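I opened the model today to look up how its parts are put together. My notes follow in the order in which I looked.

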Number of protein chains: 2
Amino acid sequence: MGSTGAGFGFEVRARLGAGAGRTGVIVTPHGRIATPAFVPVGTAAAVKGATPEQMAALGAQALLANAYHLYLRPGADVVEQAGGLGAFMNWAGPTFTDSGGFQVLSLGAGFKKVLAMDTAGLADDQVIAKRSERLAAVDEDGVTFRSHLDGSRHRFTPEVSMGVQHRLGADIIFAFDECTTLMNTRSYQERSVARTQAWAERCLAEHARLTESRAGLPYQALFGVVQGAQFEDLRRGAARGLVRLAAGGREFDGYGIGGALVKENLAAIVGWVCAELPWAKPRHLLGISEVDDLFAAVAAGADTFDCVAPSRLARHGGVYSADGRYNVTRARFARDFGPLDADCDCQTCAGYSRAYVHHLLRSRELLGYTLATIHNERFTVRLVDSMRAAIESGGAAGFDRLRDRFLSRYFGP
Amino acid sequence: MGSTGAGFGFEVRARLGAGAGRTGVIVTPHGRIATPAFVPVGTAAAVKGATPEQMAALGAQALLANAYHLYLRPGADVVEQAGGLGAFMNWAGPTFTDSGGFQVLSLGAGFKKVLAMDTAGLADDQVIAKRSERLAAVDEDGVTFRSHLDGSRHRFTPEVSMGVQHRLGADIIFAFDECTTLMNTRSYQERSVARTQAWAERCLAEHARLTESRAGLPYQALFGVVQGAQFEDLRRGAARGLVRLAAGGREFDGYGIGGALVKENLAAIVGWVCAELPWAKPRHLLGISEVDDLFAAVAAGADTFDCVAPSRLARHGGVYSADGRYNVTRARFARDFGPLDADCDCQTCAGYSRAYVHHLLRSRELLGYTLATIHNERFTVRLVDSMRAAIESGGAAGFDRLRDRFLSRYFGP
C-alpha cells in the first residue's frame, strides 16, 4: 500500500475497465474508507439534524467539517483541547476538514458566492467581494475577510490554514486555495491558478514543519487542491503543478478537485485532472452529490465526495428516492403512508411514513429534519457504495448497468 | 388487577409507608407502565428533537401528545388513517393524549396563558380571552376558539374532544375540562368546576358510545380531570363529583389532576384530591416536572406525570444535573470537557462534552437540541424511576432518604 505518512495510505483495488475510475481503500489513523465513498458534511462539527451514532448506523465511513467555521466558532484551540475534531464531535472514524478557502471568499464576503472579481478599477491581482459592508480581499499572501458571525476581521494565509487544520486534527486536510467562479475572466483564472500553486507549496512546507513539531499525534494527510475553472489547459497545468512539487521532496498525500464544477463540465474536468494525477493517490471531489454527477465523477476517477446538499435539501423537504427527487411537504403526501423511498433501507424508511414526515416538516418539528436527513444521507452513501460494489463484482459492464438502470428510473417518466 | 376496560388496568404494588404514595403498574393495550413514571411530551406527535428510538433508549415508558395540536395539524383523521397515534409516530409503547381543554383556552386565545376571565362587563358564565384579534369563548356547551396556526374558527365540546381522541387512538385519554387560573374569582371557579363536572359526564357517555361503535379497536382508557384551583373544598368536591359518576354505571379508568398548580400548593392539592379518589385507580398529574414537585407529588399519591419542560428547557440551553440546573450556553462552559452531568447514564453524557453541547447550542445546530433534550428527558425519567425503586426496596424511609439526599445536593450550596 502506498503511504506518505505513518498511518495514512491508499490502495487501488479494482479498475473500472480500462478507464480512470477505480475502487480502493484509504487508510487513516482513525480507520479505513472503502472508495468510492460519499463523505457527509458536518460543517460546524455536527451533521445538521443527525447524531454521529445515526451517521454511523446509516453507513457513513467518514465526516467532513469546515476549517473556516470551526476557526470562528468554537475556535480551533477548543477543538484541539478536546482531543481533535473526532473526539470533540464523538465520531470515532476518519475525519476531513476543508481548508476554508471557499468559505472565507464566499461566506466571509457575506453569505453569497457571487464574488465581484476582476472588477474594473480595482488593483490588479486583488479581488474584492462586496456585499453590504463586508469585504474579502485576496492578495498574493492570503485572504483578509470579515466573519459572517460578527463582522470581525480575520486573515487566512496558507500557514494560518495549516495551523488551524493541524489544531483541528482531522485525518485528511486540504491545502489553502483560491476558489474562483465561472464568471471570472480567463486572465484572472490564470493568475489565480498560479497563486493557488504558490500557496500549495507553502502549505506543504508548513504542513511538514507542523507534522514534525507535533510528533506523537496521529499523522494528518494533506491533499492539494486542483483549480482552473472550465479551462482544460489550466486544470491540467494546475494538476501537473501540484504533482511536480514532489520533486522538491514534499508530496501531497492526495488531491482535491475544487471550484466551478457544473453538470456540463464536471466529467470532463475530473477526467482532465485525474489524467494528470498519480494513479496511486486518492482524489476527493469537493461539494458534489447529485446522482448523475456522482456516476460521472466515479467513472472519471474521483474516489471520495462531500456535499451539504443531502441534509440541506432534507431540511426543506427535498427527498431522494429511486424514482427521483420530490418534496414531501407537498399536499399530496399528507395521507401517503408509504415510506419516503420504498427501495431504501434507512431507519426513517423502516419506521416512518411520508405522511408523518410531511406533518413534522410542515409543523417545523425538529424530528422532521432528523428523519429526512437520515434518509437523504443514507440514500447518497448507499448509492456510492453500490457503485463500488458494482465495479468490484461486475467491472465496467456492471457499473454501466447500474448507472443506466439507476438513472433511467431516477430521471424516468 | 383492577380493570374497567379490556386491555387496561392498574395494580398498586407497594405503598409509601402509611401515606398516599405508592408504586404500581398500569397495563395498556400497547404495554405496561411501571409507576410512578414520568411521561415525556410529544405535543405534535413528536418529542421535539428526539426520535422515538432515542426516547425508548432513554427509558421513556410512554409518550403524551396533544389532542388540540393534532386536531389542527395534521388532523385526527390522518392520524387515525395511519393506524393511530403510536403507529403514526412509530412509538410501539403506551400513548396518552390530553383533551385539548388547556390548549384551546390558552393557545387558541393567542399563545398566552393569561386569560381575562370574569372580566367586568362580560356576560355571566362566559369567558373571553383576548389577545390581538383572537378569541376563545367558553359556554356551558363547550369552547369556541381560533386556531393559533391560521386564525380559523373551531369549536370543542366534550363530544368533539372524545371524537378527536378516539380517532387519535391513544391508550389513555382525558375528559374535556375547563382549565382555570389562580387569578379567577372564587365564584368563577365554582361555576367552572360545575361545568367541568357536567362535561365529564358527557365525556363518559360519549366515550362509552364510541367504544361500543368502534369494537375491535384497542380499548382506550378515559381519565376524568379534577380541577378546583387552590380551594380545598372545590378540589375535594370536584374529585368526589367525578368518582360519584360511577354510580351511574360509567366509571373513569383513572384521574387527571389539572390546572393552577404551583410549588406552594402542589403537595396540598394532590393530597386533597388523592384522598377522595379510589385507591385502585391511577392518577396523572398534568404538566409537572420540577424535581421537588415530583418528589412532593409522588409522596402525595400521583402515579404519572407529563411536562414539556425537559425538552423546552434543553432547547434554550437549560440542563439538569445532580448538582442543580444550569445553562450550558454560558461562557464558562466553552472549555468544559466534562459531561453535562457526571452522574448521568444517558447517551449524551456518555459521549459528548459540555463544551461540545455549548458550541452546538451557540451555533444553533440542531444536534445541540437533540443532545440536550436526550439528557434532560433521561434525567427526569430516571429521577422518577429512582423514586419507584426507593419505595419498592426501602419503603418510606428509603424514599425520604432519596429525596433528602437528592434535593439537598440539587439545591445545595
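**Conventions.** Two strands pair if DSSP finds at least two bridges between them. Helices (H or I, at least four residues) and strands (E, at least two) are DSSP runs, numbered from the N terminus. The model is predicted: local features need pLDDT of at least 70, side-chain atom pairs count only at pLDDT 80 or more, and totals for chains, interfaces and linings use all residues. Residues are numbered from 1 along each chain as its sequence is written, and chains are lettered from A and ligands numbered from 1 in the order in which they are written.

**Entry 1, the sheet in chain B.** I traced an open sheet of eight strands in chain B, in the order 5-16-15-14-13-12-7-6, with parallel pairing. Strand 5 (37-40) and strand 6 (63-66) of chain B are the edges; each has a single partner strand, so one side of each has no neighbour in the sheet. From one strand to the next the twist averages 25°; axes here are lines fitted to C-alpha atoms, for helices over the stretch in contact, and angles run from 0 to 180 degrees between N-to-C directions.

I then checked one pair within chain B. Strand 13 (residues 221-226) and strand 14 (residues 254-257) of chain B run parallel and are joined by four bridges. B:Val226 is opposite B:Ile257 of strand 14. Helix 14 (residues 366-410) of chain B lies across strand 5 and strand 16 (304-307) of chain B, at about 155° to strand 5.

Which residues of helix 9 of chain A are buried? I found A:Leu266, A:Ile269, A:Val270, A:Trp272, A:Val273 and A:Cys274. Buried means that 20 or more other C-beta atoms, placed from the backbone, lie within 10 Å of the residue's own. These residues pack against strand 13, helix 8 (232-244), strand 14, strand 15 (283-285) and helix 10 of chain A.

In chain A, strand 10 (residues 143-146) and strand 11 (residues 153-156) run antiparallel with four bridges. A:Arg146 stands opposite A:Arg153. The two strands form a hairpin with six residues between them, and A:Gly151 in the turn has a positive phi of about 80°.

An automatic or database assignment sets the bounds: domain 1 is 2-95 + 169-175 + 183-306 and domain 2 is 318-410. I noted 29 residues of domain 1 in contact with 24 of domain 2; contact means C-beta atoms, placed from the backbone, within 7 Å. On the domain 1 side, helix 10 of chain A gives the largest share, five residues.

How many residues of chain A are in contact with chain B? I noted 30 residues of chain A against 30 of chain B. Helix 3 (76-81), helix 4 (85-89), helix 13 (354-362) and helix 14 (366-410) of chain A each give two or more residues to this side. Helix 13 of chain A has the largest share, five residues.

I also looked up the symmetry. Chain A can be laid on chain B with an RMSD of 0.0 Å by a turn of 180° and a shift of 0.0 Å along the axis, superposed by least squares on C-alpha atoms of residues with pLDDT of at least 70 in both. The two copies are therefore related as by a two-fold rotation axis. In chain A, A:Leu366 has the C-alpha nearest the axis, 3.7 Å from it.

Key. Contact = placed C-beta atoms within 7 Å. Buried ≥ 20, exposed ≤ 12 C-beta atoms within 10 Å, placed from the backbone.
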